[in-house]
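Please keep the sequence and the structure in view while reading.

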Amino acid sequence: MTLREASIGSTVVVTKISGDPAYKRRIMDMGITKGSEIYIRKVAPLGDPVEITIRGYELSLRKLDAQCVEVKEK
């Protein structure tokens, strides 16, 4: 499943980041790397953006960015 499909309040682990190399690098620069744990804090009413907690800080991701991050339930 993708980060966008993960349910609110769940903790997931990143398994893969898809996209072209520059796009993947931008996602990884935000701290989202393979094996990192992400807590889904909340999702805006229209689904964009998704607010997550990763590596001790809060981050908001657009739907497009969240779709490129594949995750699995912890």
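Contact, as the word is used here, means heavy atoms within 4.5 Å. The structure is a predicted model, in which local features need pLDDT of at least 70 and side-chain atom pairs count only at pLDDT 80 or more, while totals for chains, interfaces and linings use all residues. Residues are numbered from 1 along each chain as its sequence is written, and side-chain values use heavy atoms, with hydrogens and water left out.

The sheet provides the starting point. Helices (H or I, at least four residues) and strands (E, at least two) are DSSP runs, numbered from the N terminus, and two strands pair if DSSP finds at least two bridges between them. Five strands are arranged in an open sheet in the order β4-β3-β2-β1-β5, with antiparallel pairing. Its edge strands are β4 (57-61) and β5 (69-73), each of which pairs on one side only. On average, neighbouring strands of the sheet are turned by 45° against each other, direction ignored; for such angles, axes are lines fitted to C-alpha atoms, for helices over the stretch in contact, and angles run from 0 to 180 degrees between N-to-C directions. Strands of a sheet pair through backbone hydrogen bonds, either parallel or antiparallel.

Burial is judged by relative accessible area: buried means under 20%, exposed over 50%, and partly exposed in between (1.4 Å probe, protein chains only). Because 4 of its 5 residues are buried, β3 is largely enclosed by the rest of the structure.

The hairpin of β2 and β3 has 6 residues between the strands, and G47 in its turn has a positive phi of about 90°. In the hairpin of β3 and β4, 2 residues lie between the strands. Here R55 has a phi near 55°, a positive value in a residue other than glycine. Most residues other than glycine have a negative phi. R55 counts as exposed because its relative accessible area is 54%.

What lies in the interior? A nonpolar core is a set of buried Ala, Val, Leu, Ile, Met, Phe, Trp, Tyr and Cys residues joined through side-chain atoms within 4.5 Å. The largest such core has 20 residues, and L3, I32, I38, I40 and I52 have the most contacts inside it. Each of β1, α1, β2, β3, β4 and β5 supplies at least two of its residues. When residues up to four places away in sequence are not counted, I40 touches several others, including L3, V12, V50 and I52.

Two further residues can be compared by position and accessibility. T2 lies in the segment before β1 (11-17) and counts as buried because its relative accessibility is 16%. Leaving out residues up to four places away in sequence, T2 touches A66, Q67, V69, E70 and V71. K34 is placed in the loop between α1 (21-29) and β2 (37-43) and, at 69% relative accessibility, is therefore exposed. With the same exclusion of residues up to four places away, K34 touches V14 and T15.

The charged side chains come last. A salt bridge is a side-chain nitrogen of Lys or Arg within 4 Å of a carboxyl oxygen of Asp or Glu, and the whole structure holds 6 of them. D29 and R25 form one at 3.4 Å, N to O; being 4 residues apart in helix α1, they are separated by about one helical turn. R26 forms another with D65, the closest N and O atoms being 3.0 Å apart. Since R26 lies in helix α1 and D65 in helix α2 (residues 63-67), this pair ties together parts that are 39 residues apart in sequence. R26 is partly exposed, at 37% relative accessible area, whereas D65 is buried, at 3%.

The side chains of E37 and K74 also meet in a salt bridge, at 3.1 Å, N to O. This pair links distant parts of the chain, with E37 in strand β2 and K74 in the segment after β5, 37 residues apart. Finally, salt bridges that share partners join R26, R62 and D65 into one network.
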